[in-house]
Amino acid sequence: MAKPPLSFVCQSCGATYSKWSGRCDACGAWNTIVEEQPLSAGPAAKSLGTKRGKGMALTDLSSEEAPPPRAASGIAELDRVLGGGLVPASAILVGGDPGIGKSTLLLQAAASFARAGTSCIYVSGEEASAQVRMRAQRLGLKDAPVKLAAETNLRNILTTLEAEKPDLAIIDSIQTMWADNVEASPGSVSQVRAASHELTRFAKQHGIAVVLVGHVTKEGQIAGPRVVEHMVDTVLYFEGERGHQFRILRAVKNRFGPADEIGVFEMTGDGLAEVANPSALFLGDREQPQPGAAVFAGIEGSRPVLCEIQALVAPSPHSQPRRSTVGLDSGRLAMILAVLEARCAIPFSGLDVYLNVAGGLRVREPAADLAVAAALLSAREDVALPPQSVVFGEISLSGALRPAGQAENRLKEASKLGFSTAIAPAQTKALAGEDMALRQYSDLAGLVGDIFGAG
C-alpha cells in the first residue's frame, strides 16, 4: 500500500502545502510551516461509516440553570484578571518568558486556592517534586495542602487526575508533556496540540479547571501551534522586564470575563506580592517636573493606570537618525513624528529620538498619542510640561485630536493621585465635583502654540 503524501501546514493560518517553505504565502508568516503526520488513505479516512453514534444531551436556551460558582483564590490581582475567580471545567493557558516567574505565580496561586478549600494538584514536567517543595519552603507555602507530582506521560497524568478528582490541576509545562499515541518527540507541534486537546477535553468532561503553562518564542508569542490558544478558554501572558521587579499578568482572551485586564505584581525575596495601586508604582517621585517627561492617564482593562512616558531628543552623528522605543509600538512613534513635521512644521530630521515607558509597562492604546507628542516636544524644546499635569488623547493623521474613551475614569485616577491639570482633546467632559483644571485642544498645532509657543 502506497504511503500518503507528506503534508506541511502553516501553524498560523492552517494553509496546507505539498513541500516545506520558509514563508507562508497565505498569511505571510515566517517559519510557521511544519510537517504533520497525514491521515491514512484507507476507507476509514473518507467516511465515518454506517455505525450509529450516541445521542447528545440537549438543553433549552431559556432554561434557568444557575451558573457554576467561581472559586476565589484570595489573590485579588489574579482574581481580577480571571474575571472574578476560577470557573470550574475551564482551561487556562499561561505564557511568559523563561525565568519571569510563571512557576512562582502558579505555585502561590495553588497554595492560595488550596487554603481556601479548593483541592489542587501541581504537576511539574520540568522539575522534581523535591525541587518544587524547596521553592514552596522558600516562599513560605510548605503548609499549604497542595499535592505535587513530577510526570511527563500524559496517560499517567490523566489517570491520576481521574482517580483524585481535584478542583484544579496545574500542568507545568505543556511543552514537556508526551502522549504515547503520537509519534513525535516532546515539545513538537503534534505533541503540544495532542496534549492540549486531551487536557482541555478532560477538563470539560470531569469539571476540573486545568491551567497549562506555555513557553514563549523570541517574538513573544506562546510556542507551539496557534490552535492551542483557540482550544482553551483563557489566555494569560505574564510580562515584565528582567531589570524591573514589576510583573504584569495580562489577559488577552477570556470567555468568562473582560479581555485586556491586567494584574500587577512585584517580585520580592518572598515571592510575588500584589500591587494594589499600580499608578503610584509606575509614576515614582514627581516632585520636580523634568523636560521630556509626560504623565499618561491610560486604561488597562477596566482599571485606570497612570504611567510616565519619557523622551530624549539629541543631535544625531549619523546620516540615518535613530528611532528607539521601549514599551511602545515603533510604528506609532513614526506616525506621530510625521504628523508633527507635516502639520506643525516641527522637524525631527537629524535628531535621534528615544522613547521609554517607565516601570516596564507596555502601552498599546492609541490614547497615548498626545502624551507621546507632548514628551517629544518637551524634550526637543527643553521645556517641562506644566507641573502636576496628565495628558491623554488620540492624534489623527490630519493633526486633529480625538477624545479618548473612559475619560471620567482617567480624570478620577489623576485627581486621586494629586494631579491638578489635565491636557486632553476638545469634547472631553470635565470632572464634576473635583478641583481639576481641564485644558482642551482641538488639534495638535493648538497645543504646540499654547504650551511651547511654536507651530
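Modeller: A residue counts as buried when its relative accessible area is under 20%, as exposed when that area is over 50%, and as partly exposed in between, using a 1.4 Å probe and protein chains only. This is a predicted model, in which local features need pLDDT of at least 70 and side-chain atom pairs count only at pLDDT 80 or more, while totals for chains, interfaces and linings use all residues. Residues are numbered from 1 along each chain as its sequence is written, and side-chain values use heavy atoms, with hydrogens and water left out.

Biologist: Of the 455 residues of the protein, what percentage count as buried?

Modeller: The protein has 11 helices and 21 strands, where helices (H or I, at least four residues) and strands (E, at least two) are DSSP runs numbered from the N terminus. Its C-alpha trace spans about 80 × 55 × 50 Å along the principal axes. Of the 455 residues, the share that counts as buried is 48%.

Biologist: Which strands stand at the edges of the nine-stranded open sheet?

Modeller: The strands of this sheet follow the order β6-β5-β7-β8-β4-β9-β10-β11-β12 with mixed pairing, two strands being paired if DSSP finds at least two bridges between them. The twist averages 25° from one strand to the next. The edge strands each have a single partner strand, so one side of each is left without a neighbour in the sheet, and they are β6 (146–150) and β12 (271–274).

Biologist: Which residue of β8 stands opposite G96?

Modeller: Strand β4 (91–96) is joined to β8 by six bridges, the two strands running parallel, and to β9 by five bridges, again in parallel. On the β9 side, I92 has T234 as its bridge partner. On the β8 side, the residue opposite G96 is H215.

Biologist: At what angle to β8 does helix α5 run?

Modeller: Axes here are lines fitted to C-alpha atoms, for helices over the stretch in contact, and angles run from 0 to 180 degrees between N-to-C directions. Helix α4 (residues 154–164) lies across β5, β6 and β7, at about 170° to β5; β5 (residues 120–124) is itself joined to β7 (residues 168–172) by five bridges, in parallel. Helix α5 (residues 189–206) lies across β4, β7 and β8 (209–215), and its angle to β8 is about 160°.

Biologist: Which residues of α3 make the contact with α2?

Modeller: Helix α2 (residues 102–115) and helix α3 (residues 129–138) pack at about 75°, with their axes 11 Å apart. They are therefore roughly perpendicular, since angles of 65 to 115 degrees count as such, under 35 as roughly parallel, over 145 as roughly antiparallel and the rest as oblique. Contact means heavy atoms within 4.5 Å, and α2 contributes S103, T104 and L107 while α3 contributes V132, R135 and A136.

Biologist: How far apart in sequence are the parts that the aromatic pair of F238 and F265 ties together?

Modeller: Rings of Phe, Tyr and Trp (its six-membered ring) pair if their centres lie within 6.5 Å, and planes under 30 degrees apart count as stacked, over 60 as edge-to-face and the rest as tilted. The structure holds one such pair, F238 with F265, which is edge-to-face at 6.4 Å centre to centre and 70° between the planes. Both F238 and F265 are buried. Because F238 lies in β9 (residues 234–239) and F265 in β11 (residues 262–268), the parts tied together are separated in sequence by 27 residues.

Biologist: What is the C-alpha to C-alpha distance between A311 and G292?

Modeller: A311, found in strand β14 (residues 303–315), is buried with a relative accessible area of 12%. Leaving aside neighbours within four places in sequence, A311 is in contact with G292, Y354, L355, A375, L376 and A379. A311 and G292 are 19 residues apart in sequence, and their C-alpha to C-alpha distance is 4.9 Å.
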